[in-house]
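Q: I have a model to go through. Can you take me over it piece by piece?

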Protein chains: 4
Amino acid sequence: MNSENFSISEKIVSASYIRQGSQARRSHEQLIRQLLDQGKCPEEGWNESTTELFLNELAVMDSNNFLGNCGVGEREGRVASSLVARRHYRLIHGIGRSGDIAAIQPKAAGSSLLNKLTNSVVLDILKLSGVQSVASCFVVPMATGMSLTLCFLTLRHKRPKARYIIWPRIDQKSCFKAMITAGFEPVVVENILEGDELRTDLEAVNRKMQELGAENILCVHSTTSCFAPRVPDRLEELATMCAKYDIPHVVNNAYGVQSSKCMHLIQQGARVGRIDAFVQSLDKNFMVPVGGAIIAGFNESFIQEISRMYPGRASASPSLDVLITLLTLGASGYRKLLAERKEMYTYLAQDLKSLAEAHGERLLHTPHNPISLAMSLDGLQAQSDKAVTQLGSMLFTRQVSGARVVALGNDQMVSGHMFCGFMSHSEAYPSPYLNASSAVGITRNDVTLCIRRLDKCLKSLKKKSMAELK
Amino acid sequence: MNSENFSISEKIVSASYIRQGSQARRSHEQLIRQLLDQGKCPEEGWNESTTELFLNELAVMDSNNFLGNCGVGEREGRVASSLVARRHYRLIHGIGRSGDIAAIQPKAAGSSLLNKLTNSVVLDILKLSGVQSVASCFVVPMATGMSLTLCFLTLRHKRPKARYIIWPRIDQKSCFKAMITAGFEPVVVENILEGDELRTDLEAVNRKMQELGAENILCVHSTTSCFAPRVPDRLEELATMCAKYDIPHVVNNAYGVQSSKCMHLIQQGARVGRIDAFVQSLDKNFMVPVGGAIIAGFNESFIQEISRMYPGRASASPSLDVLITLLTLGASGYRKLLAERKEMYTYLAQDLKSLAEAHGERLLHTPHNPISLAMSLDGLQAQSDKAVTQLGSMLFTRQVSGARVVALGNDQMVSGHMFCGFMSHSEAYPSPYLNASSAVGITRNDVTLCIRRLDKCLKSLKKKSMAELK
Amino acid sequence: MNSENFSISEKIVSASYIRQGSQARRSHEQLIRQLLDQGKCPEEGWNESTTELFLNELAVMDSNNFLGNCGVGEREGRVASSLVARRHYRLIHGIGRSGDIAAIQPKAAGSSLLNKLTNSVVLDILKLSGVQSVASCFVVPMATGMSLTLCFLTLRHKRPKARYIIWPRIDQKSCFKAMITAGFEPVVVENILEGDELRTDLEAVNRKMQELGAENILCVHSTTSCFAPRVPDRLEELATMCAKYDIPHVVNNAYGVQSSKCMHLIQQGARVGRIDAFVQSLDKNFMVPVGGAIIAGFNESFIQEISRMYPGRASASPSLDVLITLLTLGASGYRKLLAERKEMYTYLAQDLKSLAEAHGERLLHTPHNPISLAMSLDGLQAQSDKAVTQLGSMLFTRQVSGARVVALGNDQMVSGHMFCGFMSHSEAYPSPYLNASSAVGITRNDVTLCIRRLDKCLKSLKKKSMAELK
Amino acid sequence: MNSENFSISEKIVSASYIRQGSQARRSHEQLIRQLLDQGKCPEEGWNESTTELFLNELAVMDSNNFLGNCGVGEREGRVASSLVARRHYRLIHGIGRSGDIAAIQPKAAGSSLLNKLTNSVVLDILKLSGVQSVASCFVVPMATGMSLTLCFLTLRHKRPKARYIIWPRIDQKSCFKAMITAGFEPVVVENILEGDELRTDLEAVNRKMQELGAENILCVHSTTSCFAPRVPDRLEELATMCAKYDIPHVVNNAYGVQSSKCMHLIQQGARVGRIDAFVQSLDKNFMVPVGGAIIAGFNESFIQEISRMYPGRASASPSLDVLITLLTLGASGYRKLLAERKEMYTYLAQDLKSLAEAHGERLLHTPHNPISLAMSLDGLQAQSDKAVTQLGSMLFTRQVSGARVVALGNDQMVSGHMFCGFMSHSEAYPSPYLNASSAVGITRNDVTLCIRRLDKCLKSLKKKSMAELK
């Protein structure tokens with residue numbers, strides 16, 4: 001309520017109580033003021049009532065909520081279902097304008113503020129997560145893969161002759177398709193095996209650059225977060241090479257914000273060499289529903305060019321989700337989540353190691369991968385050919401989700417390219433294995449239950465194979 | 001509750017009342033059964049309680065809501081904020097898989113059902129809105145423009161040599177940028193003036209096809225819904241030409257679902273010639289928040305190819321919105337909205353005509369445009385150069401949204417292409433004018449208020465100019 | 001947002017858009033100002049966004065929502081469940097203080113405002129519904145019956161010798177029990193039959209007053225709204241007698257607010273004679289959940305005495321419900337509901353009359369009852385003894401709710417008093433009958449379905465009885 | 001969804017995923033089954049999705065939500081505002097029937113189940129909180145005071161001659177008014193000072209019983225939870241006396257459920273003597289909004305008699321709140337809250353002791369009061385007469401809520417009775433003091449902030465008084 005309404009209220013309810021109420025309101029306004037003023041994620045999380053108050057204030061500023069509005073356009077933010085209106089806090093106009101997804105909408109001051117603030121708060125979080133020198137970013141309501149496509153399409157305009165994208169192999173369909181969809185030819189560089197780890201073959205990359213010629217190469221498309229035993233690409237060296245040959249460099253940092261190591265790689269890559277953009281998933285890093293990504297970079301004008309490539313207005317839903325989440329967590333809450341994730345990684349590694357040893361397997365040694373772990377399944381494979389895939393479906397049935405079983409010798413054609421040893425990031429990895437990850441939001445209970453159920457599955461498979469032998 | 005729980009309840013509350021309650025539950029289940037069975041929009045809208053019951057049932061089937069789930073993957077549908085979880089009905093996993101936005105997710109049976117059903121219900125609505133022979137469609141959480149880009153990117157793989165897109169001019173940035181972003185060169189075909197209307201120059205299109213050569217042309221990119229005095233493109237003739245030269249044809253049907261005329265054009269175009277895909281906005285046709293589109297077509301496998309081009313999982317939010325909306329409206333509710341829109345168009349035309357005459361202007365004669373109307377502003381222009389733009393800002397201040405004022409002689413560069421007479425779809429339209437549209441959801445009150453305020457503005461501008469004269 | 005925050009926002013989003021947003025906010029504030037200032041139900045209903053904005057503002061003023069509050073009392077408005085907090089808009093402190101349910105709470109300025117405004121808005125609605133001279137009222141979160149009890153308990157302190165309450169018979173348990181619970185002896189005055197109607201026996205009441213002696217009589221307890229063929233009590237005459245003998249008069253106006261006739265009776269009674277308090281149900285008159293009542297009267301200090309009799313703080317839930325409802329309906333919306341109810345009464349009467357005639361029954365002539373109708377069931381009774389009660393259960397099974405079947409000769413003991421012909425308000429009503437009411441919120445569809453199903457039931461009972469005869 | 005719908009779903013989404021979804025649903029049903037079957041608070045709390053699923057299932061069983069219902073009664077559960085419908089989960093019919101607040105409603109099987117289950121779950125919690133032999137209880141949507149009134153009104157019917165209620169003094173208005181409202185004369189028994197504690201004067205009670213004569217005494221009305229330095233009444237001895245003289249005994253256990261000591265007193269009192277009913281607040285013990293109470297006892301038929309005294313249907317809102325809260329907390333969650341409360345009591349006592357000593361005051365020694373503490377303010381009083389009351393308002397301004405300052409010599413008339421030394425439970429307590437309580441839901445932060453702010457206030461008052469001396 002405004003001051004006039006507080007004054008009238010004093011005639012109804014005793015003035016001193018109303019004054020205290022008005023003062024209490026000011027403390028919410030004060031939090032909002034800091035957010036508007038600094039554009040940073042608040043250190044301490046807001047409670048739900050401040051958050052909803054703020055969202056309601058934003059909604060009131062959009063023309064579809066004006067009490068006296070009359071609309072004779074083709075897009076007036078009308079909503080047929082009140083269930084739908086409510087779940088979007090009556091913020092209906094989406095974000096951006098036809099020319100630019102980061103632009104301000106005349107009809108929707110509130111949604112425009114939402115958009116600007118979200119990008120600003122997210123930028124702050126990228127900094128505190130380790131990429132201190134990031135210059136600009138924006139949230140886009142598309143998958144990481146489609147966002148990478150948008151980056152490639154933007155680069156096309158700057159490098160009209162380029163046809164190739166150099167891509168150290170990672171067996172995940174959407175980042176591969178991101179290049180295909182954009183109309184480029186991926187040049188797959190196989191990884192090299194160092195100990196148990198699969199790492200970037202820098203020499204091969206260098207060779208390809210020279211072979212193909214810089215002007216024919218759209219960019220290098222590297223990856224941080226990935227399933228063990230693959231580890232994050234050697235970003236510093238790749239970035240240095242890109243700088244040397246003047247080749248753009250786009251990093252797929254899908255779920256890397258949650259790991260200080262991944263973020264450090266990006267920060268260092270940009271410091272010593274060239275990184276044009278890095279793209280990360282909203283859902284995997286910020287525990288929001290699937291569907292959004294952040295496109296970030298070190299050169300504000302290039303990031304703006306990308307945002308201007310999105311033709312049309314876009315859904316505000318992912319922005320709204322991440323803004324609510326970051327405001328209610330606060331910077332301290334997010335840091336706490338990251339610290340817990342790291343701690344759970346250690347637990348998971350220990351428990352998986354013990355379990356592996358108990359079953360005659362071993363935890364693969366992949367120290368460069370800060371999130372994903374892999375346990376060999378050589379013994380299981382020795383028991384029977386089918387046992388490895390059986391383990392996968394047993395875990396599914398027992399509601400262990402996310403534990404990935406990788407058998408050997410799986411060849412698969414994806415968009416015209418044959419991947420030998422698909423899913424293992426390598427044409428011939430020595431062992432079949434099982435992956436488990438410690439991703440943001442994981443709990444001690446997740447780890448314990450997973451290990452317990454995995455143990456039971458392995459025992460039951462052993463018994464079964466014994467029985468078959470008799 | 002299942003039958004066992006109903007039985008136990010009979011011990012607590014009298015059996016006959018519980019039996020009636022259980023029977024009542026069955027009537028909700030019956031509605032759900034019909035939806036699942038037929039995949040069609042229910043004739044009568046569901047009430048909110050059936051709708052929410054259904055959404056809660058879907059959510060229960062997703063792994064993030066399993067009571068005994070343990071997750072060790074990198075994407076487990078965890079949600080940090082309960083505000084966010086609630087607003088998505090705990091449906092967190094989005095839609096599609098890395099390979100295909102229409103694919104089923106093992107972790108999310110409920111979200112997968114949601115996705116399949118939404119596409120199926122939307123297909124039903126496209127049919128009842130006039131495109132009876134549509135074969136397939138899917139909802140994509142992207143703007144109409146970006147969805148057009150996806151169509152163009154898909155066509156590229158089928159027509160590797162093609163560089164051009166033939167595009168009858170329409171002055172709306174995002175559909176132009178859709179071609180630029182996809183990496184093609186738009187070939188702008190100016191419209192021809194027939195009476196007050198701006199219509200497709202079929203001869204010019206034909207000429208361009210011959211000039212450029214079919215294999216160099218990615219597609220024709222035509223438009224239905226648009227601002228008067230431009231009218232929907234001559235789809236039948238364009239489709240016939242496309243068929244003749246074997247050139248793909250993509251139709252921007254942005255807000256055309258709401259108009260039986262636009263839908264009829266598409267149906268006819270596909271019948272007599274070639275239409276590969278037509279794209280429409282969710283928000284403009286179904287009164288949901290901005291951010292989604294429907295990509296539809298007459299050849300199921302081509303539409304599937306497009307859906308397979310989206311790299312990554314996508315937001316379920318637009319699908320959820322349109323499903324809730326169509327279930328609660330029902331087919332009859334949607335038809336009613338369309339009928340009301342048509343009726344309001346008549347009112348708006350009449351009132352605007354009277355107003356125009358009262359101010360010495362005229363309602364442009366644009367019978368081929370079923371949604372948008374234009375009133376000349378020649379007299380206003382004559383008063384003063386600035387008056388026309390002033391009118392625009394006066395209407396904005398008076399909360400008349402969507403009334404577009406188009407001055408003459410506005411030249412603008414968009415992504416490297418110079419548009420003379422920008423916003424008027426023509427290099428030299430004879431009159432400045434004001435647009436008003438009768439779009440779905442418009443009310444009698446919108447029309448009345450708009451006319452009243454417009455009248456006041458025009459009077460006040462006249463007075464002002466009189467005063468200046470003295 | 002306050003003006004400072006709007007100013008900062010102008011740096012983020014263009015100033016003119018923010019200014020329009022801020023102006024839009026003011027129009028909500030303006031509505032709130034009117035409410036606070038006048039304490040009346042707004043003529044036009046508020047939309048949900050203004051309503052929720054207002055409730056959130058109230059909540060912010062309660063100490064449990066202060067950002068810096070620390071609580072070391074035994075009642076701090078803490079809430080364990082966020083589901084619960086949300087459904088109460090975080091208004092947790094209830095209404096009133098230990099001494100007075102209408103009092104202001106120091107810890108809860110927002111809830112106190114809610115309480116005061118609700119009572120004020122409800123008072124306004126009582127006036128516009130026909131009791132123009134009502135002086136004071138308050139909402140109490142108790143059933144109508146329990147609220148009557150509270151009135152009787154208050155009167156006890158003013159009339160220590162009184163033991164009796166004179167009560168023209170109405171066969172509804174809770175108003176009878178209201179007297180028993182308060183510790184008084186109801187003096188039941190049988191109604192007299194005038195035509196089909198059962199009306200107050202004024203002479204008998206007069207006789208009882210003289211017999212018992214005024215000082216031994218706590219009050220007359222009369223009734224307006226009731227099931228036909230009983231009709232509202234003759235309030236004017238009763239009020240005149242009460243004035244003459246100096247006996248208090250409490251009116252049970254359970255669902256009478258919805259009928260201008262009932263309200264007129266109260267207004268007239270108070271004008272010509274004495275009415276100390278009249279009590280009405282919230283749910284039956286305002287379409288809110290069961291559980292609240294309004295205690296109203298013509299002497300402010302007496303109503304205040306009643307409010308001071310409630311020991312302890314009380315639930316704000318019924319107040320919140322009725323405030324939300326009246327703000328969103330507006331006075332005009334409520335009047336519209338009342339007009340529709342009246343119209344439906346006419347339909348129901350016509351349809352019931354036709355149906356009755358088709359089945360050889362008749363619609364009882366009860367013009368003094370503005371809400372409830374009765375159709376004789378003599379023929380049905382003649383068919384078989386059980387048929388009348390069977391009809392009741394058939395209607396229940398067919399989801400016709402609220403249609404009450406009244407058989408003859410039903411004697412029942414209630415709290416020590418034997419009611420002969422229970423449910424018929426009379427020891428020997430000539431016909432069995434069926435009741436149907438046109439209560440606020442009833443729709444044309446309710447009437448149509450009811451008549452159709454009733455027709456089927458009657459036909460099926462006839463067939464059955466024919467079959468049995470054979 | 002029922003099994004048929006799951007089957008159809010298998011045609012849309014792969015059968016194995018649907019089967020897993022269906023199995024996941026069963027685990028929710030299993031939790032509901034246990035609740036229905038055992039009527040106990042689940043050991044582990046339900047998550048919000050199970051809770052809401054269950055409430056939606058209940059709502060579906062109420063006639064106002066039947067898809068085919070037609071209503072022609074005067075109370076059909078219609079709701080005008082969708083905001084209101086939603087916040088009550090569409091459970092509109094309230095609880096009970098006109099004859100009995102615990103009765104089943106034919107129109108509302110779901111609400112009836114809600115009512116029965118709430119009473120059953122609450123009974124379970126009373127047992128686990130220490131009153132193992134409680135036989136019956138029910139939730140009533142009235143304040144503790146009004147609920148006590150209902151108990152007294154019920155007893156009146158069993159003891160028609162009784163006029164007095166013996167009441168060991170406790171200075172809280174609503175429990176005093178509860179007796180006045182019921183029409184009885186409270187016989188106030190002053191407490192005796194033992195050390196710092198104010199305890200029941202058993203001899204005086206005994207004397208009064210003999211003086212007045214058992215048949216003239218309605219009951220003894222004792223109290224457990226109270227502000228220090230008063231301590232819970234000597235229930236065992238009172239109960240023994242009541243048994244001896246055959247006088248009913250009603251215990252005001254306002255916020256005693258949260259304390260094992262208070263509950264133990266009741267359990268013991270009932271074991272060795274006579275307790276007819278004990279009444280407790282919902283909000284103070286279960287962290288729900290103000291407005292409900294639990295009436296409980298050891299004799300099922302007497303508790304039923306009380307429930308039959310409530311005339312009319314009642315609000316289900318408090319029942320709904322406490323059911324949601326207990327289901328989501330679970331028994332383990334509630335026990336954890338109680339344990340935390342106890343721990344915080346220790347902290348509060350320690351911190352208050354240190355603070356008191358630092359300011360030359362002392363923590364009063366009140367070991368029999370398990371919740372409330374008192375710190376003397378003798379020094380403050382010595383400084384200045386006004387300082388004690390000033391401290392109260394300073395704490396209010398600094399958002400310390402619930403810290404009660406009790407000055408000496410405050411005489412107050414309440415409903416005709418003069419209380420000397422009002423608020424101190426004694427005609428002449430030796431010291432002024434400040435109260436602070438450790439009530440359920442208090443946090444470490446509450447304690448810390450309170451002590452810090454209290455310290456500042458005391459220092460600032462000292463400074464001020466020093467300054468005035470100069």
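This is a predicted model: local features need pLDDT of at least 70, side-chain atom pairs count only at pLDDT 80 or more; totals for chains, interfaces and linings use all residues.

A: What follows goes over an annotated lysine, some chain contacts, a helix and a strand.

Q: Which residue carries the modified residue annotation?

A: A:Lys284, which the unreviewed UniProt entry annotates as "modified residue: N6-(pyridoxal phosphate)lysine". UniProt positions are given in the numbering used here, feature names are shortened, and annotations may be inferred rather than shown by experiment.

Q: Where is A:Lys284 placed, and is A:Lys284 buried or exposed?

A: A:Lys284 is in helix α11 of chain A, residues 282–286. Helices (H or I, at least four residues) and strands (E, at least two) are DSSP runs, numbered from the N terminus. A:Lys284 counts as buried because it has 26 C-beta neighbours inside 10 Å. The cut-offs: buried is 20 or more other C-beta atoms within 10 Å of a residue's own, exposed is 12 or fewer, partly exposed is in between, and C-beta atoms are placed from the backbone.

Q: What does A:Lys284 touch?

A: Leaving out residues up to four places away in sequence, A:Lys284 touches A:Ala254, A:Tyr255 and A:Ala439, plus B:Glu74 and B:Arg75 from chain B. Contact means that the C-beta atoms of two residues, placed from the backbone, lie within 7 Å.

Q: How many residues of chain A are in contact with chain B?

A: 83 residues of chain A, in contact with 83 residues of chain B. On the chain A side, helix α13 (residues 317–358) gives the most, with 7 residues. That side divides into 36 nonpolar, 32 polar and 15 charged residues. Here Ala, Val, Leu, Ile, Met, Phe, Trp, Tyr, Cys and Pro are nonpolar, Asp, Glu, Lys and Arg are charged, and the others, Gly among them, are polar.

Q: Switching to helix α6 of chain A. Why is it called largely enclosed?

A: Because 13 of the 15 residues of α6(A) are buried, it is largely enclosed by the rest of the structure.

Q: And strand β16 of chain B: which way do the residues point?

A: B:Tyr433, B:Asn435 and B:Ser437 point one way, B:Leu434 and B:Ala436 the other way, and all are buried. Since 5 of the 5 residues of β16(B) (residues 433–437) are buried, the strand is largely enclosed by the rest of the structure.

Q: What does β16(B) pair with?

A: Strand β11 of chain B (residues 372–376) pairs with β16(B) in the antiparallel sense over 5 bridges, with B:Ser372 opposite B:Ser437. Strand β13 of chain B (residues 404–406) is also antiparallel to β16(B), over 3 bridges, and B:Val405 stands opposite B:Leu434.

Q: Last topic: how many residues does the contact take from chain B and from chain D?

A: 42 residues from chain B and 42 residues from chain D. The largest share of the chain B side, 13 residues, comes from α2(B). By class, the chain B side has 19 nonpolar, 14 polar and 9 charged residues.

Key: Residues are numbered from 1 along each chain as its sequence is written. Chains are lettered from A and ligands numbered from 1 in the order in which they are written. Two strands pair if DSSP finds at least two bridges between them.
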